[in-house]
Amino acid sequence: MTDATAAGAPDLPEVARIARDLIRIDTTNYGGGRAVGEREAAEYVGAYLEQLGLDTQYYEPIERRTNVFARVPGRDRTRPALVVHGHLDVVPAVADDWSVDPFAGVVRDGMLWGRGAVDMKNMDAMILASVAESMRAGEQPERDLVLAFFADEENGGVEGSSLVVEHRPEIFAGATEAISEVGGFSVDVGSRRAYLLQVGEKALLWLRLVARGAAGHGSRFHPDNAVVRLAEAVAALGRTEWPLRLTATTERFLAEMSRLTGMDADDPDALADAAGPASAFLRASLRTTANATGLAAGYKHNVIPDRAEALIDVRVLPGTEEEALADIRRIVGEGIEIDTVVRDVGLETTFDGDLVDRMVAVLGRHDPEAPVIPYLLGAGTDNKALSRLGITGYGFAPLRLPQGMDFTGMFHGVDERVPIDSLVFGQRVLTDFLRTC
C-alpha cells in the first residue's frame, strides 16, 4: 500500500498528495455489484487515520465492498456528534476519451487530473488532511466527529451506506447532522463569486423500461418489433418538457440570485443561467429530469429480438415520486414495462440553524463578501442513507474555483480535474470549520 505522505511529489501540498494517491487507486464502480479497488482505498484511508492515532473500524458486508470509519473525540462529548463522510468509489472512465490517463493522478496546469478529482476524492483528501492538521497540533474539535468513507455510492449506496446504516447504526451513535459532497463550492454570478450550500437533494428513481415483441428474421415485414416500441417510448420520455416546480429551497435560491443580479425573480431558468457554467446543474433542481442512460437489445444483425430495454435515470423533487411514476407510465404508453431498479428518498432541510450559520461564517472568513446561497442538489449523496437514522445532511465540500471553470460539468465527465489552489483553500476552510463546529 502506498504511504499517504510518501515522496514522489514533494512540492505538492499534502491534501493534493492524498487526492492524487486516491485517484491512483482505481475504484471503478460498474454497477450491479461489480466494482474494483474499494478495499484498497479503504485500507489506504484506514492506515492514514491510524497514523494519526485514531482507532478505525472496517465493515465489509459484501466481499471487497469495504467501508471504513473512525471517531475523533470532541471537547464536549455531551453535544451531538457530526458525521463527516465521503465515498471512495468512482464511475467508469473510458481512457481513450481522456487527454490524460484517468487513474494516473496527473498534475498539469496547476490542476490535479483524474477520475475522482471532482467526485469525490478531492473531498476525501480534504477531510483527511484537515483532521491531520488539527490532531498534529494537539487540537480537539468542539464535538465528536464521526469520519465515514463509504463504498458503492455511485450505485445508489445499495451495497455501501444503506447496508452500513441497516447493520451498523451504532457507528453513528449520538450523531444528528452530517456534511459531505456537492456543496460549498463557488460559482460565478456575473463578475461576482458566490458559494452554493446544499441543503437538500432530489429523490432517486432508477428505472428499466422493457418492451417485448415477437422474434423473427431481420428481412421480413415485422410490425411487432420490440426495438421500435422501446425507441418510441424512450424518445417520448426524452422529449418531455417537465414543468417548473419550486420548493422552499429553490424559492430561496431564486430570491438570492434575483437580489445578486437584479433580474426578475419570475424567470427561474434565466436566474439559473446567471450562474454561468453551473446553470445546467442548477436548472435540474427546478423540475423533474428523466434521462436515458443505457440501451440493450438484440444479439445478431439479421435477428429481430423479442425484448429490448432501456435504463432511465429519473430525479424528482422530494415527495413527488409516485406522481412522477404515473406521468412516466402515461408518457411511454401501453406495452412498456417499468421496473424500479433503485429508489431512494429526497431530502430537504432549512437554511438556518447553528451548523448552517457556522458554514456560512467560515466561508465568510476565508472569502469575505462572497455570499452563500442555499440550493437543492439535482443528484444524490449518502446523506439519503444517514437520514434513516434521523441525521440531517448538508453538502459542504468548500472549493474556491477559478472564474469560468465548468466544475459541475465534470461530475461523471471527461478530463475531471480540480485546481491545486482550490484543494488548499478547501482544506483550510474545512479545518477551520471542524475546529469550531
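Guide: R307 is located in strand β16, residues 307-316; strands (E, at least two residues) and helices (H or I, at least four) are DSSP runs, numbered from the N terminus. The model is predicted, so local features need pLDDT of at least 70 and side-chain atom pairs count only at pLDDT 80 or more, while totals for chains, interfaces and linings use all residues. Residues are numbered from 1 along each chain as its sequence is written, and side-chain values use heavy atoms, with hydrogens and water left out.

With a relative accessible area of 30%, R307 is partly exposed; buried means under 20%, exposed over 50% and partly exposed in between, using a 1.4 Å probe and protein chains only. Beyond residues up to four places away in sequence, R307 touches R208, V210, A211, R212, A226, A297 and G298, where contact means heavy atoms within 4.5 Å. A226 lies 81 residues from R307 along the chain, yet their C-alpha atoms are separated by 5.5 Å.

R64, in the loop between β3 (56-62) and β4 (65-72), is also partly exposed, at 32% relative accessibility. Its phi is near 75°, a positive value in a residue other than glycine. D415 likewise has a positive phi, near 55°, but this residue is buried, with a relative accessible area of 16%; D415 sits in the loop between β20 (392-395) and β21 (417-419).

Another backbone feature is the cis peptide bond from D119 to M120, with omega near -15°. M120 belongs to the loop between β7 (111-113) and α3.

The axes of α3 and helix α2 (residues 38-51) come within 10 Å and cross at roughly 10°; axes are lines fitted to C-alpha atoms over the stretch in contact, with angles from 0 to 180 degrees between N-to-C directions. The two helices are therefore roughly parallel, the term for angles under 35 degrees. V45, Y48 and L49 of α2 meet L128, A129, A132 and R136 of α3.

Definitions and conventions. Parallel < 35°, antiparallel > 145°, perpendicular 65-115°, else oblique.
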